[in-house]
Amino acid sequence: MKILRMSAAALALASLTLLPVAAPAAAGGQGGLRDAARGTGVRIGTAVDMSALAADATYEQAVGREFSTVTPENVMKWEPLEPTQGTYNWGPADELVDYARAHGQTVRGHTLVWHSQLPSWLTEDNFTPAQLRSLLRKHIFDVAGHFKGRIWAWDVVNEAFNDDGTLRDTIWLRNLGPGYIADAFRWAHQADPAAKLFLNDYNNEGVNAKSDAYYALVKQLLAERVPVQGYGMQGHLDVQYGVPDALPNLQRFDALGLQTAFTEVDVRMMLPPDNTKVQAQAQGFTALLTACLLVKRCVSYTVWGFTDKYSWVPDVFEGEGSATLMDENYAVKPAYTSVRNTLLLAAR
Ligand code: G3I
């Protein structure tokens, strides 16, 4: 049941009221975010680092306790899956799918078509456009077919647009033309009719040139009866840039009948953290979650890692970090408490 009654402002304000929040219960117990989300209609998820899942018991217990949907951070991307042409490395991805099944979790597949993390044999062999189209079709049928029936939602095409609303200049656009997007969705649907098929990108959370381009694309795809079913917003925020007003954007995609999802949420900051940044971080996580809770077809809210111990952010943004809900020792931050309170209020 979605809370379509309480206003966003009221919910956000209430969520910052520090309700008594016990620390997360022991592994497998009550008290995680997934329990707090019961009854809200929104699955709470995380990207999963498979090395950490195998080697770090605290990490593994938290993944099972806190989340009801999981996304492979890397192991379903083309390069890790097919490092040499025709040789698939299914193991790590199958491990995550098996883990999810054992823990009553759904899996968000990430990602079938992207311009990054492509194997060198694909990008350096001077394939013709026709060969690349055939290779992309085969990849989608091989991968979506391998996981058929085990993937809740696929990020079919990831990061297709630039921030100004033009199509991103990728190997796929250059060789297949703009139609690669519709083709990818048709092929994915043929390979796994049950999976919900999403577009996914960053900086597309609010109403802006990028999300306007997605809105126009979705309307065109729907008119052509292309099986696009979801609009994903990664939600990579930075306290220095503020929080986008996502609600009007979610509402317009919802009005098209599309599912929406926040797929990779984290809120980074220039280090070291201070109280102002930490509170701004909590507001960032909570604002996106509130928008999701207020929209009928927003089905999941996934964080891109839940502990600073394994976050991608310091490797990419020099001098920044502390982007997740828990610190490197798994201590919860005010952002975790605010997210949990927001869910508890919504579930009532
Ligand atoms: O697995 C290899 C390892 O064998 C090698 O020794 C090592 C050093 O070169 O690299 C390892 O691969 C790394 C991979 O993560 C797995 O750890 C890649 O170099 C590294 O580039 C890759 O980074 C990932 C990044 O996507 C790639 O673009 C991050 O972990 C991952 O968090 C990040 O996630 C993306 C989403 O997929 C899409 N949205 C943006 C988000 C953040 O960039």
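Colleague: Are C292 and C298 buried or exposed?

Modeller: This is a predicted model, in which local features need pLDDT of at least 70, side-chain atom pairs count only at pLDDT 80 or more, and totals for chains, interfaces and linings use all residues. Residues are numbered from 1 along each chain as its sequence is written, and side-chain values use heavy atoms, with hydrogens and water left out. Buried means under 20% relative accessible area, exposed over 50% and partly exposed in between, with a 1.4 Å probe and protein chains only. By that rule, C292 and C298 are both buried.

Colleague: Which residue does a disulfide join to C292?

Modeller: A disulfide is a pair of cysteine sulfur atoms within 2.5 Å, and the structure holds one. The link is left-handed, with -100 degrees about the S-S bond. With S to S at 2.1 Å, the partner of C292 is C298.

Colleague: How many residues apart in sequence are the parts that the pair of W78 and W172 ties together?

Modeller: Rings of Phe, Tyr and Trp (its six-membered ring) pair if their centres lie within 6.5 Å, and planes under 30 degrees apart count as stacked, over 60 as edge-to-face and the rest as tilted. W78 and W172 are stacked, at 5.7 Å centre to centre with 5 degrees between the planes. Helices (H or I, at least four residues) and strands (E, at least two) are DSSP runs, numbered from the N terminus. Because W78 lies in helix α5 and W172 in helix α9, the pair ties together parts whose separation in sequence is 94 residues.
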